[in-house]
Amino acid sequence: MINTVGVIGLGTMGAGIVEVFAKAGLSVIAVDGSAELAERGKGFLTKSLGRAVSKGKLSESERDEIVGRVAFGDDLAAMKDADLVIEAVPELLEIKTSIFTTLDDIVRDDCVLATNTSSLSITEIAKSTKEPSRVIGMHFFNPAPVLPLVEVIHSLLTDVKLVEDVRELAVRLGKKPVVVGDRAGFVANALLIAYLARSIRAYETGLASREDLDAAMAAGVGFPMGPLTLCDLIGLDVVHEVCGVLYDATHDPSVASPPLLRQMVAAGYLGRKSGKGFYTYEAAGSGTLV
Ligand code: 3HC
């Protein structure tokens, strides 16, 4: 039974995942690389729960109970008590494999090791551990507290029983799990990122203004937001990194990171989280347009 969960990396996705687990009543050990980053993660959680309180969807005492289930810190050694650890650090294989190798010596033998990778190989991450059969992908979608999908990704090495356990855990969290194999981008990102990259290229070539391009897909196709708004939500650095992984795996030019995207990332225009992307926001982390 999974009751205590560790989350490593408390950026947009990690903090959202902490919220999902804590709201479902699980104890959470939330760790980032420094005390400042752990504090920032706590800030993301309290801000998100604060919004729910101000809308009357959560009482103050419920908010306090949820926050009280989470122990924030900067030491991976705290993961020794976890039944499952999920990693949500930046999309770089070397960082992820180094964390998994370290975790191997900290966690219990029966602890499940999960990764929220957007596109990297579960098999390669699993191979960095002593027991690859306990490594699995558990991929949430941004914003994690809102979107129901969780891709449960198994490698050839993953224990078959574990796939079912993690699928059941996702249901317990109120999510919609889908079980998928280990291919770059899995299902959702393999399809989505090609669409986003094409949209950026269409914008770059002057096909339409950013507003009209977004309106075409939101008002015409019924997507909840247009592709450039969605890139800003996901983070332009994340879109760029996933493009790189998909391109390396497939050599499909349609998923190569578009030149404009590369320049924007180099300039520090990362979307909502930096306050500027295809659109400009009131402040870093705000969804409100200027
Ligand atoms: N964190 C927590 N909650 C949030 C949130 C956030 N960042 N953004 C919105 N919400 C909540 C709101 O508080 C609101 O809650 P309520 O219904 O309880 O009041 C609810 O979501 C709806 O929000 P809004 O009314 O403000 O706005 P919308 O109805 O337009 O919904 C949206 C916002 C949920 C972001 C919606 O536009 C949407 O689903 N967009 C598409 C997002 C998407 O496609 N994400 C997938 C990205 S790909 C990915 O993550 C994979 C990765 O690997 C790259």
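The residues lining the second largest pocket divide into six nonpolar, three polar and seven charged; in this classification Ala, Val, Leu, Ile, Met, Phe, Trp, Tyr, Cys and Pro count as nonpolar, Asp, Glu, Lys and Arg as charged, and the others, Gly among them, as polar. The structure is a predicted model, in which local features need pLDDT of at least 70 and side-chain atom pairs count only at pLDDT 80 or more, while totals for chains, interfaces and linings use all residues. Residues are numbered from 1 along each chain as its sequence is written, and side-chain values use heavy atoms, with hydrogens and water left out.

The second largest pocket has a volume of about 310 Å³. A pocket is an open set of points, on a 1 Å grid over the protein atoms alone, where a 1.4 Å probe fits, with protein on both sides within 12 Å along at least five of seven lines; lining residues have an atom within 4 Å of a point. Grid points are joined across faces, edges and corners, and the volume is the space filled by probe spheres set on the points. The lining comprises 16 residues, of which Leu-93, Leu-120, Ser-121, Val-245 and Asp-248 lie nearest the pocket centre. Two or more lining residues come from each of α4 (93–104) and α10 (236–250); α10 gives the most, with five residues. Helices (H or I, at least four residues) and strands (E, at least two) are DSSP runs, numbered from the N terminus.

The ligand is surrounded by 19 residues, the closest being Lys-55, Lys-57, Ser-118, His-139 and Asn-142 (a residue is near if one of its heavy atoms lies within 4 Å). This shell divides into 11 nonpolar, five polar and three charged residues. An oxygen atom of the ligand is 2.8 Å from a side-chain N or O atom of Ser-118, and a ligand nitrogen atom is 2.8 Å from a polar backbone atom of Asn-142. The protein buries 64% of the 1000 Å² that the ligand exposes when taken alone (Shrake-Rupley method, 1.4 Å probe). Elements giving two or more residues to the shell are α2 (35–54), α7 (188–204) and α9 (227–234), with α9 giving the most, three residues.

Asn-142 is also joined to Pro-143 by a cis peptide bond, with omega about 0°. Pro-143 lies in the loop between β6 and β7 (149–154). Phe-186, a residue other than glycine, has a positive phi near 55° and lies in the loop between β8 (176–181) and α7.

Three aromatic pairs are present (ring centres of Phe, Tyr and Trp, the last by its six-membered ring, within 6.5 Å; planes under 30 degrees apart count as stacked, over 60 as edge-to-face and the rest as tilted). The rings of Phe-21 and Phe-140 have centres 6.2 Å apart and planes at 70°, so this pair is edge-to-face. The pair links distant parts of the chain, with Phe-21 in helix α1 (residues 12–23) and Phe-140 in strand β6 (residues 135–140), 119 residues apart.

Notes
A polar contact is a pair of N or O atoms within 3.5 Å; within protein, one must be able to donate a hydrogen and the other to accept it, and residues adjacent in sequence count only if both atoms are side-chain atoms.
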